[in-house]
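Please keep the structure in view while reading.

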Amino acid sequence: MAPPRPDALSVHDLGKTYRLGLRQRVVHALSGLELRVEENAVYGFVGPNGAGKSTTIKILVGLVAPTAGTARIFGRPITEPGARAAIGYLPENPSFQDFLRPMEVLRYLGRLSGMSGAELDRRAESLLERVGLSHARDLTVRKFSKGMVQRLGLAQALIHDPPLLILDEPMSGLDPIGRRDVRDLILELKRQGKTIFFSTHILSDVESACDRVGMLLRGRLVKEGALHTLLDGTIRSVEIRCGELPTAALGAMAALSGKAERLPDGCSIVLPDVDRANAAAARLLAAGVRIVSMQPSRETLEETFVRLAAEVEGGKPREALLA
Amino acid sequence: MTMNRPLVVAGNTLREALRERLFYNLVVFALLLILGSLTISRLTLGEQYRIIANIGTSATQVFGTLIAVFLGVGIVSREIDRRTCYPVLARPVSRAGFLAGKYLGLLATLVLNVALMAAATALMLLVYRGGSHSVGVAFIAAFGLMTLQLAIVAALAVLFSTFSSPTLSSICALAIVGAGWLFGEVRVFWLQAHDVGMKWMVQVLDFVLPNMGLLDLKEAVTYGDPVTLASVAGRSLYGACYAATLVALAALTFSRRDIR
């Protein structure tokens, strides 16, 4: 029987402690991190600024040495430079030597990944096209906008066609169209069989692209799992949108629900559960009022995150988020 | 890691240096000085050849040292400050390989610079003498050893830049090079004298500081002193070993550094 394929990324008890300043003040940037990312998964690594996301990523790509624990890329320890051949890395706010043109950047970094010749040129050309930079091929990087540098960063991460992509805040600095392009690219790469591990503090990015999510707070992983298991699936409220209501009827609905208001094109009534929403809808229909929609509201990832932060900090989410 | 990767880094470093304005400013200024040496030499009587040779070798040395220091101190620290090394070091490139590549690229820049200065000096000597006998073994050996001097200066700059700011690195590198030159003037006196206090310290400094004078054949070119190949080989070995030791130390320091 063939041995099981190793995880794309596995991290065990990973920790990083910095000693800062003359007094060697100890800062625990990361503590006891455990992670497993299976092949062909899209893993979102979320947390506020300063939570330890970038530190984790820098350890994984060999820029920072861990003070505790181990990490493996497809079964190979990250301490072996050869293990990094399987990684495509996009740094947060990437930067390239500004005297180079995009093709020169891709050729340089492609050669360092062991590529050469016509194959490298072909790949670089097609990636410039894919990330929407083919029109800027004659410009030097110093003339690039922030969004263009970010796109070049994505192209260099993909130049050697790595099986694992580690992207640090890939949507940072992009306009809405750019963000959509990156989201589409991530999904396309997943379809091609790639594994994607990306960090972000923008939770809507995660909800739209990830299979699994890890939440990091103050250097600790506070929650990890498939996206649907992290979200509290219970319905928290139901909003009924309906046609115009007389003032008395609107007041009666407000008494029932606690929140009813007029909108430019009708009324909105928010009810705390499904039963009361059904009762309210029946009364509206009986009164001959047209119901436009009934929309249940569930906890979003952002709300989950704030709730977890509050749990970690004993009811002080803001302190946790600003750690 | 294959040997190819440091060479790829070296090629990019050479390209970066050749697009630096600072490099061209210094090279152009040194070339003007060398080309102007013919005019300056006319101010003296009977010493024209020596003046031209002296200005040529000295300008190469001084401007080469400035290029080595100012490009060398930024070669690693600038890559870290601007985060341009992140996508490089996240590839299968070892820290030592990256640093060796950066150093080799800088060295190639210095070799180009010295070759250009040597050619300009040779041209001036040929214009003055009208024959090729003035550019002999001593001339070639002097510029060859000067390249090794600059290799040491560059290695010092790179070593300091792996753990210090560019400004501090420049000061430290120049201070040690200066000490290396000055110590050469007094070492013989100190080492031979019997009543010098802390002689052990003098011996330690003699071992640690770069013996820049050993790699200096300016006088042989200026005064036409004979130069033996064995002597040049011995001096070259010293220079190469000294520079290689500094680069190895720099690689060790850089390998242990967190890039954050």
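Two strands are said to pair if DSSP finds at least two bridges between them. In this predicted model, strand 7 (residues 164-168) of chain A and strand 8 (residues 195-200) of chain A meet that condition, since they pair in the parallel sense over 5 bridges. Within this pairing, Leu167(A) has Phe198(A) of strand 8 as its bridge partner.

**The sheets of chain A**

Another open sheet of chain A has 4 strands in the order 2-1-4-5, with antiparallel pairing. Its edge strands are strand 2 (25-37) and strand 5 (76-77) of chain A, each of which pairs on one side only. Strand 4 (residues 68-73) of chain A pairs with strand 5 of chain A in the antiparallel sense over 2 bridges, and here Ile73(A) stands opposite Arg76(A) of strand 5. Helix 1 of chain A packs on this sheet as well, touching strand 1 (9-20), strand 2 and strand 4 of chain A, and its direction makes about 70° with that of strand 2.

**Helix pairs**

Two packed helices are described by the angle between their axes and the distance between the axes. The table gives these values for one pair in each chain.

| Helix pair | Angle | Axis distance |
|---|---|---|
| Helix 2 (residues 102-112) and helix 4 (residues 146-158) of chain A | about 30° | 9 Å |
| Helix 2 (residues 21-41) and helix 6 (residues 95-129) of chain B | roughly 15° | within 9 Å |

Angles under 35 degrees count as roughly parallel, and therefore helix 2 and helix 4 of chain A are roughly parallel to each other. Their crossing is right-handed. The contact is made by Pro102(A), Val105(A), Leu106(A) and Leu109(A) of helix 2 and by Leu152(A), Ala155(A) and Gln156(A) of helix 4 of chain A, and these residues divide into 6 nonpolar, 1 polar and no charged.

Helix 2 and helix 6 of chain B are likewise roughly parallel to each other, and their crossing is right-handed. The residues that make this contact include Phe23(B) and Leu31(B) of helix 2 and Leu116(B) and Tyr128(B) of helix 6 of chain B; by class, the contact has 13 nonpolar, 4 polar and no charged residues.

**Domains and the contact between chains**

The domain assignment of chain A gives domain 1 (9-100 + 160-230) and domain 2 (235-298), and the C-alpha centres of these domains lie 44 Å apart.

Where the chains meet, 21 residues of chain B are in contact with 24 residues of chain A. On the chain B side, helix 1 (4-18) and helix 5 (86-89) of chain B each supply at least two residues, and the residues of that side divide into 10 nonpolar, 3 polar and 8 charged.

Methods. Residues numbered from 1 in each chain as written. Chains lettered and ligands numbered in written order. Predicted model: local features only at pLDDT ≥ 70, side-chain atom pairs only at ≥ 80, totals over all residues. Domains from an automatic or database assignment. Axes fitted to C-alpha atoms, helices over the stretch in contact; angles between N-to-C directions. Parallel < 35°, antiparallel > 145°, perpendicular 65-115°, else oblique. Left-handed = near helix turned anticlockwise from the far one by under 90°. Contact = placed C-beta atoms within 7 Å. Nonpolar A, V, L, I, M, F, W, Y, C, P; charged D, E, K, R; others polar.
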